[in-house]
Amino acid sequence: MFEIKRICCIGAGYVGGPTCSVIAQMCPEITVTVVDVNETRIKAWNSDTLPIYEPGLKEVVESCRGKNLFFSTDIPSAIKDADLVFISVLSNPEFLAEGTAVRDLKEPDRVLIGGDETPEGQRAIKALCAVYEHWVPKSRIITTNTWSSELSKLAANAFLAQRISSINSISALCEATGADVEEVAKAIGMDQRIGSKFLKASVGFGGSCFQKDVLNLVYLCEALNLPEVASYWQQVIDMNEYQRRRFACRIIDCLFNTVTGKKIALLGFSFKKDTGDTRSSSSIYISKYLMDEGAKLFIYDPKVLKQQIIYDLSQPSISEDNPERVSELVTVTSDPYEACQSAHALVICTEWDMFRELDYEKIYKKMLKPAFIFDGRRVLDHLHAELQSIGFQIETIGKKVTSARIPYTPAIVGSRTASTEPPTKKAKA
């Protein structure tokens with residue numbers, strides 16, 4: 001059997017960088033070269049400050065870099081020397097979750113490899129299997145044809161996104177009835193046929209994969225004349241947009257139906273904790289809806305750089321083709337307490353662990369009154385009694401915290417001006 005000694009990976013991003021770094025660590029006899037046209041990104045991979053944040057990744061890179069792991073912009077040479085080129089040879093979809101990518105790579109539920117049903121395709125599959133067999137049990141390595149492999153990737157992310165949208169739809173019902181979505185999620189999650197994972201209600205899913213893969217599925221179904229199937233999966237995206245818009249409207253309504261000129265502290269900008277990735281983050285869209293209403297946002301995130309936040313909010317679809325408004329309405333701070341100084345409300349958009357440990361009595365004293373907390377990630381559930389005794393008005397996802405709060409009458413989502421609503425057109429991948 002052909003033995004792989006040199007691997008080239010095209011693309012040094014969130015997938016290529018971690019994946020090939022782990023391959024290099026687990027296969028010291030294989031030389032792995034990661035190439036990219038972005039010189040700045042490659043320089044970062046070769047420095048002490050990696051271009052992406054992922055727990056455990058720096059240690060993996062530093063253990064291999066310069067030995068059998070290399071980062072380069074010389075794409076032609078890397079391809080020429082390689083026995084295997086990731087992306088262009090086989091279908092080897094990743095099932096990584098940002099924040100746990102290194103663990104997912106070292107201890108995968110499964111590795112999926114798809115290829116052509118030809119002698120050459122089958123040889124390539126066996127060669128790549130041999131690479132993963134250095135540390136992955138054979139029973140967890142699945143081989144399929146190319147279509148099955150690619151559709152498995154789309155379907156897996158679509159099913160996960162569907163679960164999030166499903167529990168988020170129930171969260172709206174819980175708020176209307178007095179139920180607690182956490183209690184409902186626990187009850188249904190104990191059913192072994194359903195399971196408890198991905199039943200956490202929130203402001204909506206983000207990241208580079210879920211929306212992209214669901215929309216790819218929608219596009220594929222439309223192209224293959226399966227409109228009913230396309231419509232079914234489009235609803236997963238529509239519910240996610242509804243949840244974001246609903247949360248933003250709730251903030252506005254609770255702040256006496258206007259946020260114009262009001263300071264709002266937004267804690268968390270990455271799409272989830274333990275990553276600096278902001279792609280499709282719900283924080284971007286919540287910021288947009290609040291900016292549309294003239295709110296002054298003070299944003300803090302422990303891992304997202306200021307320039308990334310400004311860049312995301314300055315995109316035409318977010319800034320309404322008026323990037324100047326970002327400089328007028330948005331301030332990025334390096335301290336959560338500074339963000340909350342003189343704020344009317346504190347909004348938690350990312351479930352960073354540190355937000356559970358802030359000194360909320362200190363924060364309350366510096367905020368304007370009445371002081372509101374809008375917990376979009378349910379990270380402060382254990383502190384509700386304490387926060388209320390301090391004086392906070394608390395609003396959270398999928399639960400009525402108290403009937404003694406300042407009256408809140410839910411508005412019909414969509415009744416606001418068109419500028420507060422996200423695009424309703426189906427984005428096609």
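Close-up 1. Arg378 counts as buried, at 4% relative accessibility (buried means under 20% relative accessible area, exposed over 50%, with a 1.4 Å probe and protein chains only). The model is predicted, with local features needing pLDDT of at least 70 and side-chain atom pairs counting only at pLDDT 80 or more, while totals for chains, interfaces and linings use all residues. Residues are numbered from 1 along each chain as its sequence is written, and side-chain values use heavy atoms, leaving out hydrogens and water. The side chain of Arg378 meets that of Asp180 in a salt bridge (2.9 Å, N to O), a term for a side-chain nitrogen of Lys or Arg within 4 Å of a carboxyl oxygen of Asp or Glu. The pair links distant parts of the chain, 198 residues apart. Asp180 is also buried, with a relative accessible area of 10%.

**Close-up 2. The salt bridge of Arg377 and Glu351.** The side chains of these residues meet at 3.7 Å, N to O. Arg377 lies in the loop between E11 and H17 and Glu351 in the loop between strand E10 (345–348) and helix H16 (360–366), so the pair ties together parts 26 residues apart in sequence. Helices (H or I, at least four residues) and strands (E, at least two) are DSSP runs, numbered from the N terminus. Both Arg377 and Glu351 are buried.

**Close-up 3. Lys288 and Asp292 in helix H11.** A salt bridge joins Lys288 to Asp292, with the closest N and O atoms 3.1 Å apart. Both residues lie in helix H11, 4 residues apart, about one turn of the helix. Lys288 and Asp292 are both buried.
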